[in-house]
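Please look over the model below before reading on. My points follow in numbered form.

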Amino acid sequence: MRAQAKPALIDTHCHFYPPEYQKLWLDYEDAHKQPHFPGQVAWTTSKLIEDMDKSGVRTGVLSIASTPGVWFDRGPAEAMRIARACNEYAAGMMRDHPGRFGLFATLSMLDIDATLKEIEYALDTLKADGVGLQSNYGDKWLGNPVYKPVFEELNRRKAVVYVHPLVASCCGALSVGTFPAVIEVPHDTTRTVTSLLLSGSFARFRDIKWLFSHAGGTIPMMAGRINSFYGARPNLKDFAPEGIEGELRRLHYDTANSTFAPSMAALMKLVPVSQITYGTDYPYFGFDQFDNLRKLGLSAVDLDAIGHQNAERLVPRLRT
């Protein structure tokens, strides 16, 4: 099928690499003896737009990628500076290419006061479409009480909070012969979702619109096990007003590198199609993953919902 005949997709999981950030990232991978992904090394804005056009992607919502986020072991002040630089760069892409990009603004989360200021700047001045968080920051997952002021502000703003996993500092050695992104990255989504659930964060911050990467990591497979341990707790309504499964069904999940038929089957048994957005994890994986969804036998209505309508509901600005 020719590109112009494909739907006008919205990719809610599209990474970008400002030049300074790209160099820091590649230097970090060299220092940690991690492989470079060719697509990342070759990333440019023009190449990104070219690839979007070839695959019928109308809009890519930009976010910073995974390990090690923006801190690079340089401390909170430098992490905040890098986060601001990345957000400014993405805002420039949005200005230069109207309608082609959205932004989940990067937050450092290492200094709470500075993070609150960046939320204000990113959402009010740069007009970001939400914020992008990592699944953990060092040894703290998102349910940790230290992040309460951040989530109170995001809840007040009824913000979209997109969460991307990364390898926790504790767990890089658990990769059993693979590089850490293969196993530990999706597992860390499960850790942070569980921490937000059991800490009562989902219950308290009811107006945040949560979006988790990679079909929720292993959440679709682990939901029943989590429920078996916590679903009958006397205080269930305090941290899960709609029950364990009900709380997980309220969240949104993207399809990035998760369009394998069994993965999608598990996700769609856990949540309705209305909670699923199309994501690719570009440039690590291509924009052509929507073809895999077509092969699942989904209806045209469901494909349209996943392809762009659910993202437009989350971020109304993206509507054509």
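Which elements do the buried residues of α12 pack against?

1. **Ground rules.** This is a predicted model, where local features need pLDDT of at least 70, side-chain atom pairs count only at pLDDT 80 or more, and totals for chains, interfaces and linings use all residues. Residues are numbered from 1 along each chain as its sequence is written, and side-chain values use heavy atoms, with hydrogens and water left out.

2. **Helix α12.** The buried residues of α12 pack against α9 (219-230), α11 (243-250), β9 (252-254), β10 (276-277) and α13 (290-294). Helices (H or I, at least four residues) and strands (E, at least two) are DSSP runs, numbered from the N terminus. In α12 (residues 261-270), Met 264, Ala 266, Leu 267 and Leu 270 are buried. They lie on the same side of α12, because their arc around the axis is only 160°. That arc is taken from the directions from the helix axis to the C-beta atoms. Buried means under 20% relative accessible area, exposed over 50%, and partly exposed in between (1.4 Å probe, protein chains only).

3. **Ser 135.** This residue sits in the loop between β4 (130-134) and β5 (136-137). Ser 135 counts as buried because its relative accessibility is 0%. Its side chain makes a polar contact with the side chain of Asp 188, at 2.5 Å. A polar contact is a pair of N or O atoms within 3.5 Å; within protein, one must be able to donate a hydrogen and the other to accept it, and residues adjacent in sequence count only if both atoms are side-chain atoms. A polar atom of the Ser 135 side chain also lies 3.2 Å from the backbone nitrogen of Leu 166. Beyond neighbours within four places in sequence, Ser 135 has contacts (heavy atoms within 4.5 Å) that include Trp 141, Val 163 and Thr 192.

4. A salt bridge is a side-chain nitrogen of Lys or Arg within 4 Å of a carboxyl oxygen of Asp or Glu. The count is 19. Lys 23 and Asp 27 form one at 2.8 Å, N to O. Both lie in α1 (residues 19-31), four residues apart, about one turn of the helix.

5. **Salt bridges across the chain.** Asp 53 pairs with Arg 100, with the closest N and O atoms 2.9 Å apart. This pair links distant parts of the chain, 47 residues apart. Arg 100 is buried at 19% relative accessibility, whereas Asp 53 is partly exposed at 42%.

6. **Network.** Salt bridges link Asp 124, Glu 153, Arg 156 and Arg 157 in a network.
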